[in-house]
Amino acid sequence: MLTLDKVYHAAFVLKDVVRKTNLIQSEINPDCTTFLKTENLQVTGSFKVRGAGYMISQLTEEEKARGVIACSAGNHAQGVALAAQKYGIKATICLPDGAPISKVEATRSYGAQIEMVKGVYDDAYRRALELRDEKGYTFVHPFDDDNVIAGQGTVALEILDEMKDIDAVVVPIGGGGLISGVAYVIKHLAPHIKVYGVQADGAPSMFNSVRDHKIERLPSVHTIADGIAVKQPGDNTFALVSEYVDEIVTVSEDEISSAILRLIEKQKMIAEGAGAVSVAAVMFNKIPVKNKKVVCLVSGGNIDVTILSRVIERGLLTSGRTCNLCLELVDKPGQLMDVSRIIAGEGANVISVHHERASETKDINGCFLRLVLETKNYDHIHQITDALENEGFRIVSCNS
């Protein structure tokens, strides 16, 4: 069973395995005082090494000799691989074939044997159980294990040790291991502190289950937050979250992208999608944070660079930092010059131009001008479109 003694023991055992991460003040929402718990700067780039490290440390010598197996979208895999390497144990990891390449290679670098499995986390989970039964490995569950949950709970001990006068802690949820450990510790040591969980709109397994008071399985998951793309919560984590978590909310893909971008620009910090959902929830006021002191748990920073570039592009668009503008013009000399003059006068930068004659325009001499602009915010975009319309230009679409 999960106990506070077990969490304190995990903190003691993990002193030589994990890094104590700091709280950093952030201005992601002007309505509240926000601090970031920077588990994205943890060893392996994620909190997962805490739970995996403690669970593996508690194995018997016989279990260590047989080796361990795990399944993961990437972060738990790295935690298991590093912990197994530290204790001299053979580790086999099953990863879904859609896992980011950076996470796969990082796991391999810690000496684990990798097996790629077609599908998502749940498919890798089934394959890992098959290998456990065939080979006699010990299965290191990514979230639904008391020792794993106790290891994750050490995050809360560090938060309370550094800052006790907080009003709320906001935690990402996938399978629920992290928030189970964090909420259990906080509600036993500082029950006045609110604990909020956050899931992606495209993978709301715990959100749905708690809402309906029963464990539910999603038919599919789809989100850039691959670290929390879990179809079904665990039995233990569902029970702990139902008892100790105050509320669960969801955030959209655009909100996650905007949060990643905000962390890069304002904090000079890289977070993966799963790590940024807590920040997104506070940024977009998904939870009551006005005039509160809030800790956002940034759970991981292992984002693939190719995904990061797409996320930045999406984040710029959804935060009004870029704008896709389409104008219908009369196809005659000087039109582009006039449009450019207006845009330059409003202080925007044109980064892409595409001119096309199109038969579907109302005017037989008409054409379309498609522009991509660098802008400051939504107000700036409105100033530009107003200026263009005041000069007589017809705006067909403005996507921002």
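This is a predicted model: local features need pLDDT of at least 70, side-chain atom pairs count only at pLDDT 80 or more; totals for chains, interfaces and linings use all residues.
Reader: In what order do the four strands of the open sheet stand?

Author: In general, strands of a sheet pair through backbone hydrogen bonds, either parallel or antiparallel. Here the order is S12-S13-S11-S14, with antiparallel pairing; strands are DSSP runs (E, at least two residues) numbered from the N terminus, and two of them pair if DSSP finds at least two bridges between them. Strand S12 (349-357) and strand S14 (394-399) each have a single partner strand, so one side of each is left without a neighbour in the sheet. Strands S11 (322-330) and S13 (366-374) are joined over nine bridges, and Glu 328 stands opposite Phe 368 in S13.

Reader: Which residues lie nearest the centre of the largest cavity?

Author: Rolling a probe the size of a water molecule over the atoms shows where empty space is left. A cavity is a set of points, on a 1 Å grid over the protein atoms alone, where a 1.4 Å probe fits but cannot get out, and lining residues have an atom within 4 Å of a point. The largest cavity is lined by 29 residues, with Phe 47, Lys 48, Gly 174, Gly 227 and Ile 228 nearest its centre.

Note on methods: Residues are numbered from 1 along each chain as its sequence is written. Side-chain values use heavy atoms; hydrogens and water are left out. On a 1 Å grid over the protein atoms alone, a cavity is a set of points where a 1.4 Å probe fits but cannot get out, and a pocket is an open set with protein on both sides within 12 Å along at least five of seven lines; lining residues have an atom within 4 Å of a point.
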